[in-house]
Amino acid sequence: GKDGKGYANDTVKVRKCFPALAYSLGVSQGLLKNNPFEDLKIDWKDEFAKKKKRMEVKFLTDDEYQLILADCMKTRSGHPPAPDIRDLLVWMYETGMRIGEAVALQVSDIIVKDGKYYAQVTGTIEVHSENGHVVLKKSVKPKSESSWREIYLPKKAVDIYKKYSNHSDFLFINQRTNKPFNPTMVDQYLKHIGERNNMHKEISSHIFRHTHVSKLAEKGVPIELITRRVGHSNSKITKEIYLHVTQKMQNEFENEIEDL
């Protein structure tokens with residue numbers, strides 16, 4: 001490779017595949033005596049550390065999460081604190097909702113059953129341009145069929161709902177525009193937080209959803225329940241985060257056994 005470290009295993013497999021097939025065809029047609037790729041020995045890399053590092057940038061540590069929330073509440077030159085954004089981030093952390101689903105929630109989407117609160121995910125926010133202005137509307141259906149769901153709300157989410165339940169329509173309103181949040185604006189805000197605090201991760205709204213998955217995995221929640229809660233019929237990244245966290249817990253458990 002250009003960095004002098006060679007190619008990744010997946011790249012080597014792809015580059016080996018096509019010439020190997022060509023030589024195999026030559027042998028089958030009697031044009032060649034043998035396929036040199038059959039005896040090719042490849043020194044495969046141990047990519048465990050690389051994969052581990054790649055997974056850990058997908059979600060936030062507890063300290064990183066608290067740092068972001070604290071940054072939202074700081075006063076900066078010309079910019080007051082943003083408790084509304086902070087509450088939105090806490091909501092995503094507590095529910096695992098996509099940013100589009102969270103900002104599309106209407107007050108009427110929160111229901112109470114047997115004293116428990118649930119959020120009904122029935123749509124996502126859509127950004128339109130009308131007469132040169134950005135218009136935010138809720139879609140008539142969510143991202144996919146599996147996205148249509150009811151999410152149990154823990155206490156912190158319920159407290160946020162009660163704080164904004166007097167809103168006439170959307171639950172979350174951008175205090176600076178008096179309109180629903182634009183997901184792009186939220187991601188820009190988070191990007192600036194990451195840069196200000198020298199965070200070596202891509203800080204976006206989606207990382208709160210991934211962090212929710214990681215926290216549930218830490219609590220031992222079965223992956224089937226997690227995927228249902230976050231609205232996935234099948235998600236590679238959800239499975240990778242789940243397996244990464246549970247493997248880490250297994251390693252920590254084994255270390256504890258050694259210290260008995």
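Guide: Let's start at Lys33, which sits in the loop between helix 1 (9-28) and helix 2 (48-56). Helices (DSSP runs of H or I, at least four residues) and strands (runs of E, at least two) are numbered from the N terminus. This is a predicted model, in which local features need pLDDT of at least 70 and side-chain atom pairs count only at pLDDT 80 or more, while totals for chains, interfaces and linings use all residues. Residues are numbered from 1 along each chain as its sequence is written, and side-chain values use heavy atoms, leaving out hydrogens and water.

Visitor: Is Lys33 buried or exposed?

Guide: Relative accessible area decides that: under 20% is buried, over 50% exposed, and in between partly exposed (1.4 Å probe, protein chains only). Lys33 is exposed because its relative accessible area is 84%. Look also for Lys215: its C-alpha is 57 Å from that of Lys33, and the two are 182 residues apart along the chain.

Visitor: How many helices and strands does the protein chain have?

Guide: Ten helices and five strands.

Visitor: What is the radius of gyration of the protein chain?

Guide: It is taken over C-alpha atoms, and the globule rule to compare with is 2.2 Å times the number of residues to the power 0.38. For a compact globule of 260 residues that would be near 18 Å, but this chain has 24 Å. Its C-alpha trace spans about 80 × 65 × 45 Å along the principal axes.

Visitor: How many of the 260 residues count as buried?

Guide: The share is 39%.

Visitor: Which residues have the most contacts inside the largest nonpolar core?

Guide: A nonpolar core is a set of buried Ala, Val, Leu, Ile, Met, Phe, Trp, Tyr and Cys residues joined through side-chain atoms within 4.5 Å. The largest one here has 45 residues, and Ile68, Leu88, Leu89, Trp91 and Phe208 have the most contacts inside it. Among the elements that give two or more residues to this core are helix 3 (62-72), helix 4 (83-95), strand 2 (116-121) and helix 8 (206-218). Helix 4 contributes the most, with seven residues.

Visitor: Which residues does Phe208 touch?

Guide: Contact means heavy atoms within 4.5 Å. Not counting residues up to four places away in sequence, Phe208 touches Leu60, Tyr65, Ile68, Leu89, Met92, Tyr93 and Leu190. There is also a second, separate core of eleven residues, including Phe59, Ile226, Val230 and Tyr242.

Visitor: Where does Met73 lie?

Guide: Find the loop between helix 3 and helix 4. Met73 counts as partly exposed because its relative accessibility is 39%. Leaving aside neighbours within four places in sequence, Met73 is in contact with Pro81, Ala82, Pro83 and Arg86. Ile85 is twelve residues from Met73 in sequence, with 9.3 Å between their C-alpha atoms.

Visitor: What is phi of Asp114?

Guide: Most residues other than glycine have a negative phi. Asp114 has a phi near 55 degrees, a positive value in a residue other than glycine. This residue is found in the loop between strand 1 (110-113) and strand 2, and it counts as exposed because its relative accessibility is 83%.

Visitor: What is the phi of Asn198?

Guide: Asn198 has a positive phi of about 55 degrees, although it is not a glycine. You will find Asn198 in the loop between helix 7 and helix 8. With a relative accessible area of 58%, Asn198 is exposed.
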